[in-house]
Amino acid sequence: MLSAVKNDYLTQESKIEIEIQNLSKIYKTKNGSFQALENVSLYVKNEEFVSILGPSGCGKSTILRILAGLEEHTSGSVKVSGEEVRGPSRKRGMVFQSYTLFPWLTVRENIEFGLKLKGMKEKERREISDRYLELVGLEKFANSYSKELSGGMKQRVAIARALANQPEVLLMDEPFGALDAQTKQSMQKLLLDIWKKEKTTIVFITHDIDEALFLSQRIYVMEARPGRIVEEIDADLQLFKDGELVDVERFMKMKKHIISLLHH
Ligand SMILES: Nc1ncnc2c1ncn2[C@@H]1O[C@H](COP(=O)(O)OP(=O)(O)OP(=O)(O)O)[C@@H](O)[C@H]1O
């Protein structure tokens, strides 16, 4: 069982980008209140890819919304880059499961949206959108509208849009949850490539064990009622090579262990 932040990370070289200490969240409801999170503590190092895995309703999205500054917490401390989170910030990019592109804007305009808001000049915006269009392989669709794209393509635009703002952390809430298995797999591979190239710190929410093991360096496993972290798992174990599972035995062992935690 792990209910507190590991202490040994303080001795490691990488800087801590996200630090959550004893986070609790109580929602006010019609009939009173509902405790969604209890004493959640976790950390994410700079350039790390960390997943939060847990059953439906355990509070994964609540953690992400709090990190994004979209939801207030009841108690505890939530710091990103050393600063207490007090509201939304462009330093934290979000990618949700449902496609949140502006339908009246082209792919390029969607990617440039935040940059335009910041007052960036067109030439500079264009250079950035070109770079991210290329990164997600959508150069040919720069002038298309959201309705002309497949689900996977829309998520690629959403990722490009989030990254174009140069966030310090990328918060991803089941971004591939609505995609078919094949598209999901290719998106996972693309995301890993992007993460390696861009060196972004990523917090990834999922209830899919295979996905968490494939993508993450570390996984926080949660249980529900109230939402708590039950274990922190080191997943960075060369289970995969070039996107293919190479250590089947170890993978199955870890998967079984996580299933036992989820059914605990
Ligand atoms: N605004 C709200 N008011 C009251 N209760 C809420 C609110 N938002 C979430 N909850 C409750 O808090 C709990 C955690 O919700 P949350 O969406 O964070 O879970 P989750 O793990 O992301 O679930 P899923 O995987 O299904 O998206 C759930 O029981 C949910 O019903």
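Met-222 has Ile-229 in β10 as its bridge partner. This is a predicted model: local features need pLDDT of at least 70, side-chain atom pairs count only at pLDDT 80 or more, and totals for chains, interfaces and linings use all residues. Residues are numbered from 1 along each chain as its sequence is written. The protein has seven helices and 12 strands; these are DSSP runs numbered from the N terminus, with helices (H or I) of at least four residues and strands (E) of at least two.

**Overall build**
- The radius of gyration is 19 Å, close to the 18 Å that the globule rule gives for 264 residues, so the protein is as compact as a globular protein of that length. The radius is taken over C-alpha atoms, and the rule is 2.2 Å times the number of residues to the power 0.38.
- The C-alpha trace spans about 50 × 45 × 40 Å along its principal axes.
- Buried residues make up 37% of the 264. Buried means 20 or more other C-beta atoms within 10 Å of a residue's own, exposed means 12 or fewer, and partly exposed is in between; C-beta atoms are placed from the backbone.

**The sheet**
- Six strands form an open, mixed sheet in the order β6-β7-β8-β3-β9-β10. Strands pair if DSSP finds at least two bridges between them.
- β6 (92-95) and β10 (228-234) are the edge strands, each pairing on one side only.
- β9 (residues 218-223) pairs with β10 in the antiparallel sense over six bridges.
- Helix α4 (residues 151-164) packs on the sheet and touches β6 and β7 (169-173). The directions of α4 and β6 make about 175 degrees. Axes are lines fitted to C-alpha atoms, for helices over the stretch in contact, and angles run from 0 to 180 degrees between N-to-C directions.

**Helices α2 and α3**
- α2 packs against helix α3 (residues 122-135) at about 135 degrees, with the axes 9 Å apart.
- That makes α2 oblique to α3. Angles under 35 degrees count as roughly parallel, over 145 as roughly antiparallel, 65 to 115 as roughly perpendicular, and the rest as oblique.
- Residues that meet include Ile-111 and Leu-115 in α2, and Ile-128 and Tyr-132 in α3.

**Gly-114**
- Gly-114 sits in helix α2 (residues 107-117).
- Gly-114 counts as partly exposed because it has 18 C-beta neighbours inside 10 Å.
- Not counting residues up to four places away in sequence, Gly-114 touches Arg-90, Ala-164 and Asn-165. Contact means C-beta atoms, placed from the backbone, within 7 Å.

How values were computed: Contact = placed C-beta atoms within 7 Å.
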